[in-house]
Amino acid sequence: MVATEIPSLVLGSSAGQRRMPVIGMGSAPDFTCKSDTKEAIVEAIKQGYRHFDTAAAYGSEQALGEAIKEAIELGLVTREELFVTSKLWCTDNHPHLVLPALKRSLKTLQLEYLDLYLIHWPICAKPGKFSFPIDAEELMPLDLKCVWAAMEECQRLGLTRAVGVSNFSMKELENLLSFATIPPAVNQVEMNLAWQQKKLRDFCKANGIIITAFSPLRKGASRGPNEAMDNDVVKEIADAHGKSSAQVCLRWLYEQGVTFVPKSYNKERMNQNLQIFDWSLTEEDYEKINQVKQQRLINGPTKPQLKDLYDEEN
């Protein structure tokens, strides 16, 4: 199998103009998936994937680290060719815990540096035991200014090539940009055909922040029908192009100029997800896509949900 060449974007505020492949492989926990994470990642590297997304909260850092080590030993790839993202969990969202948390992630991943380190949520919880969802009683005020200063220090120390955020709204990004010395390179958010995030996309583009879309196929924690993949309009477009619904979803994201991290451990689907770069959606396709019902899927990591976590889309 010939590995697919994947386009990449330059991260604005990264050390050494780091390039981020537009498509990556997600590794968020999916309890319906029985496949071995390590084997799937090695297979993904063979197919051409170079961008891997994990987080301290996912429990997949160890498997990703083992897969990377194996792939390097097999001569499939060098560390420099890979782009690895991990994230700071809410219980470590304290200025003095940022650096120790990153060092822990690096140790688990068996890496000397990350390409991108993200604040997972704009939420702070009491330090200590990981739990999901987070009980609202565990929440504390977030000192974003000092946490971000600690993130910047991680980049200056060379432990990560770039820093960014995840699940930040426009209001939160505006606040962060008001004091950041190193602006966030990336905001990773839910984005797919059924949650298109136009206002946030425009804001991020204007401020040089690259969006990474999680749940790009609207899977993950979904309940009921998949409004992106199972949508009749999307199926129509897919049939017209001789493509799958997943390929239409990912092609649309690519044409928006964002990066995205679908999660599939199935060999054929992994390969299909890469076959999106040699065709285009039409104006007529866009007219149909604009009619897809919009609804957020992921409402936050707390129980009960916070009312004011998002501000930009209704």
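User: How many of the 11 residues of helix 1 are buried?
Analyst: In this predicted model, eight of the 11 residues of helix 1 (residues 37-47) are buried, so the helix is largely enclosed by the rest of the structure. The buried residues are Thr37, Ala40, Ile41, Val42, Glu43, Ala44, Ile45 and Gln47.

User: And what do they pack against?
Analyst: The buried residues of helix 1 pack against strand 3 (25-26) and strand 4 (51-53), and also against helix 2 (61-73) and helix 9 (267-274).

User: What caps the N-terminal end of helix 1?
Analyst: That is aspartate 36, which has a side-chain oxygen 3.2 Å from the backbone nitrogen of lysine 38. Just after helix 1, glycine 48 takes a positive phi of about 120 degrees.

User: Switching topic, where does arginine 218 lie, and is it buried or exposed?
Analyst: Arginine 218 lies in the loop between strand 12 (210-214) and helix 7 (232-241), and it is buried, because its relative accessible area is 4% and the cut-off for buried is under 20%.

User: Which side chain does arginine 218 join in a polar contact?
Analyst: The side chain of asparagine 192, in a polar contact of 3.5 Å. Not counting residues up to four places away in sequence, arginine 218 also touches others, including Glu190, Trp195, Glu227 and Arg296.

User: OK, how do helix 5 and helix 6 cross?
Analyst: The axes of helix 5 (residues 170-177) and helix 6 (residues 198-206) come within 10 Å and cross at roughly 15 degrees, and the two helices are therefore roughly parallel to each other.

User: Which residues make that contact?
Analyst: Helix 5 contributes Met170, Leu173, Glu174 and Leu177, while helix 6 contributes Lys199, Leu200, Phe203 and Cys204. These residues divide into six nonpolar, no polar and two charged.

Key:
Residues numbered from 1 in each chain as written. Predicted model: local features only at pLDDT ≥ 70, side-chain atom pairs only at ≥ 80, totals over all residues. Heavy atoms only, no water. Axes fitted to C-alpha atoms, helices over the stretch in contact; angles between N-to-C directions. Helix = DSSP H or I, 4+ residues; strand = E, 2+ residues; numbered from the N terminus. Parallel < 35°, antiparallel > 145°, perpendicular 65-115°, else oblique. Contact = heavy atoms within 4.5 Å. Nonpolar A, V, L, I, M, F, W, Y, C, P; charged D, E, K, R; others polar. Buried < 20%, exposed > 50% of the residue type's maximum accessible area, 1.4 Å probe, protein only. Polar contact = N/O pair within 3.5 Å; in protein donor to acceptor, adjacent residues only side chain to side chain.
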